[in-house]
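Please examine the sequence and the three-dimensional structure shown here.

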Amino acid sequence: MKSLILASASPRRKELLQQIGVRFTQVSVDIDESVLPNETPETYVLRLACEKSKVGHERFADSPSVGVLGSDTSVVINGAILGKPENEEEAVSMLMRLSGKTHDVITGVALTILGETKGLVVSTKVTFKTLNEAQCRRYWLTGEPQDKAGGYGIQGLGAVFVDKIEGSYSSVVGLPLAETAELLEENGIQYWT
Ligand SMILES: Cc1cn([C@H]2C[C@H](O)[C@@H](COP(=O)(O)OP(=O)(O)OP(=O)(O)O)O2)c(=O)[nH]c1=O
């Protein structure tokens, strides 16, 4: 049987993969997440997902049949990529940019196995209610925006900002489950075990 490694430090990706009954081990990998000049958001998240998966796989060079899954999530509004906010001002400005508008949450997923890396990108539309600055500052104090793309968590306290979602909920949280299950199955890794 082929085994799977999740190359991620994210507790949410771990929970999502557990949710569909995949057996795996989690390892964290550190890569440079800077955006390259002229890189589109889709190319960016796919490149990072592939890098996380390849860097993770290098650690298992002796076992090429081990599958390594990497993933990356970004929030995109009017073509601009929003990563994780570094401070309160950045978080408030990100959230006010998303206020009353529809943005895309894009997640890249990649699997490296037997010397090959296969990847995909899933895009989901999220529409925010109108927010005010005081609310965004109060939200920052909860500690939730700090480690999340776009500065919010749909699965947590940030759910109150969301008016509508079109597409994959799990992809917004960090791992599109339907598409990931298909990618794993095509490569001989089971879910629902
Ligand atoms: C929009 C949104 C993002 N996020 C999270 C998903 C990702 O974990 C994070 C974006 O950062 P990523 O760089 O994609 O992932 P990560 O640093 O958490 O983990 P790793 O690189 O080790 O795999 O934002 C939510 O949890 N909820 C949301 O609603």
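The paragraphs below proceed from an annotated residue to its strand, the paired strands and the core.

The model is predicted: local features require pLDDT of at least 70 and side-chain atom pairs count only at pLDDT 80 or more, whereas totals for chains, interfaces and linings use all residues. Residues are numbered from 1 along each chain as its sequence is written.

An unreviewed UniProt entry lists Asp 72 under "active site"; such annotations may be inferred rather than shown by experiment, and the positions follow the numbering used here, with feature names shortened. Asp 72 belongs to strand β3, residues 67-77 (strands are DSSP runs of E, at least two residues, numbered from the N terminus). Asp 72 counts as buried because it has 25 C-beta neighbours inside 10 Å; the cut-off for buried is 20 or more other C-beta atoms within 10 Å, with C-beta atoms placed from the backbone. Beyond its neighbours within four places in sequence, Asp 72 is in contact (C-beta atoms within 7 Å) with residues including Val 45, Ala 49 and Thr 107.

Strands β3 and β5 run antiparallel and are joined by 9 bridges (strands pair if DSSP finds at least two bridges between them). Val 75 stands opposite Val 105 in β5, and Val 105 in turn stands opposite Thr 124 in β6. Strand β5, residues 102-113, is mostly covered, with 9 of its 12 residues buried. Between β5 and β6, which form a hairpin, there are 2 residues; Leu 114 in the turn has a positive phi of about 50°.

The largest nonpolar core has 45 residues (buried Ala, Val, Leu, Ile, Met, Phe, Trp, Tyr and Cys joined through C-beta atoms within 7 Å). Val 45, Ala 49, Leu 69 and Leu 95 have the most contacts inside this core.

Methods. Helices (H or I, at least four residues) and strands (E, at least two) are DSSP runs, numbered from the N terminus. Two residues are in contact if their C-beta atoms, placed from the backbone, lie within 7 Å.
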